[in-house]
Amino acid sequence: MTEWLTNAWNATAQFFTAMPWDILGVWSLTICLLIIGIIGSVVPFLPGPLLIFAAGIIHTLLRPESALSAWGFVLLSLGLVLSYVIDFVSGALGARWFGASRWGIAGVFIGGIVGMFFVPFGLILGPLIGGIAFELVFAKKRLQPAAKSAWGSLLGTGVGLVLRLIVALGMVATVLLDALVW
């Protein structure tokens, strides 16, 4: 019985003394940033795609042996830009799809920018209020068509969140595939 315990203790000690802690630390940091980045692509308060991009850069700096290639960096950069374009355009496209005027789309944009200062509710209510207000005041629409275009803004923002999550998952796949396979 004591021989088994001694062998188990020696095997455990061997495992921890032989483990490359620098590699484990870098990969732990990278994986944590990637997970927080995925969560942040849906949660309005966290800059998810930016954290995924930072994970790729930090991993490249700390572990050059499994660094991002030039193509990986380009794909990561394109994903970052695409995710923010989706963020800003999705609400306006949804409003346009539901019949918003140019004033309503401008209201969605301005409401989205103002709403960013009132996280988390402002990100949803800002485009809605901006779209309705601009449709009522500047486009001289009645309440029902103005509310319909604001509903389109909300729907477009929801679709934008789903697309942003898909782009974030693609960015994570780029980092992991580039670091482990390419």
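**Before you start**

This is a predicted model, so local features need pLDDT of at least 70 and side-chain atom pairs count only at pLDDT 80 or more, while totals for chains, interfaces and linings use all residues. Residues are numbered from 1 along each chain as its sequence is written, and side-chain values use heavy atoms, with hydrogens and water left out.

**Stop 1: helix H4**

Select residues 70-97, which form helix H4. Helices here are DSSP runs of H or I with at least four residues, strands are runs of E with at least two, and both are numbered from the N terminus. H4 has 28 residues. From first C-alpha to last, H4 reaches 38 Å, close to the 40 Å expected at 1.5 Å a residue. That expected span is 1.5 Å times one less than the number of residues.

Now centre on valine 89. A kink of about 40° in H4 is centred there. The bend at a residue is the angle between axes fitted to the seven residues ending there and the seven starting there.

Next, colour the buried residues of H4, including Gly72, Leu76, Leu80, Ser83, Ile86 and Ala95. Buried means under 20% relative accessible area, exposed means over 50%, and partly exposed lies in between, with a 1.4 Å probe and protein chains only. An α-helix has 3.6 residues a turn, so residues three or four places apart point the same way. What do the buried residues of H4 pack against? Show helix H3 (48-62), H5 and helix H7 (143-180): these are the partners.

Pick glycine 79, also in H4. Glycine 79 counts as buried because its relative accessibility is 8%. Setting aside residues up to four places away in sequence, glycine 79 touches Val167 and Met171. Contact means heavy atoms within 4.5 Å.

**Stop 2: past the end of H4**

Move on to glycine 99, which follows H4. Its phi is positive, near 95°.

Then select serine 101. This serine sits in the loop between H4 and helix H5 (102-115). Is serine 101 buried or exposed? Serine 101 is buried, because its relative accessible area is 17%. Beyond its neighbours within four places in sequence, serine 101 is in contact with Arg96, Glu135, Ala139 and Lys141.

**Stop 3: glutamate 135**

Follow that list to glutamate 135, in helix H6. Glutamate 135 has a relative accessible area of 0%, so it is buried. Which residues is glutamate 135 in contact with, leaving aside neighbours within four places in sequence? Show Ala100, Ser101, Gly104, Lys140, Lys141, Ala146 and Ser149.

Take serine 149 from that list. Serine 149 belongs to helix H7. It is buried because its relative accessible area is 2%. Besides Glu135, serine 149 is in contact with Ala95, Phe98, Gly99 and Ala100, again leaving aside neighbours within four places in sequence.

Now try lysine 140, in the loop between H6 and H7. At 68% relative accessibility, lysine 140 counts as exposed. Check its backbone too: phi is near 55°, a positive value in a residue other than glycine.

**Stop 4: the largest pocket**

Rolling a probe the size of a water molecule over the atoms shows where empty space is left. Select Pro44, Asp87, Met116, Leu123 and Arg164, which lie nearest the centre of the largest pocket among its 29 lining residues. The largest pocket holds about 630 Å³ of space.

Which helix gives the most to this lining? H7 does, with seven residues. H4, H5, helix H6 (122-137) and H7 each supply at least two.

**Stop 5**

Select tryptophan 151 in H7. Tryptophan 151 counts as partly exposed, at 48% relative accessibility. Not counting residues up to four places away in sequence, tryptophan 151 touches Phe98 and Leu128. Draw a distance from the C-alpha of tryptophan 151 to that of leucine 128: they are 23 residues apart along the chain and separated by 7.3 Å.

Finish at cysteine 32, in helix H2 (residues 21-40). Cysteine 32 is partly exposed, with a relative accessible area of 45%. From cysteine 32 to alanine 55, C-alpha to C-alpha, the gap is 8.6 Å in space and 23 residues in sequence.

How values were computed
1 Å grid on protein atoms, 1.4 Å probe; cavity = no way out; pocket = protein on both sides within 12 Å on 5 of 7 lines; lining within 4 Å. Points joined across faces, edges and corners; volume = space filled by probe spheres on them.
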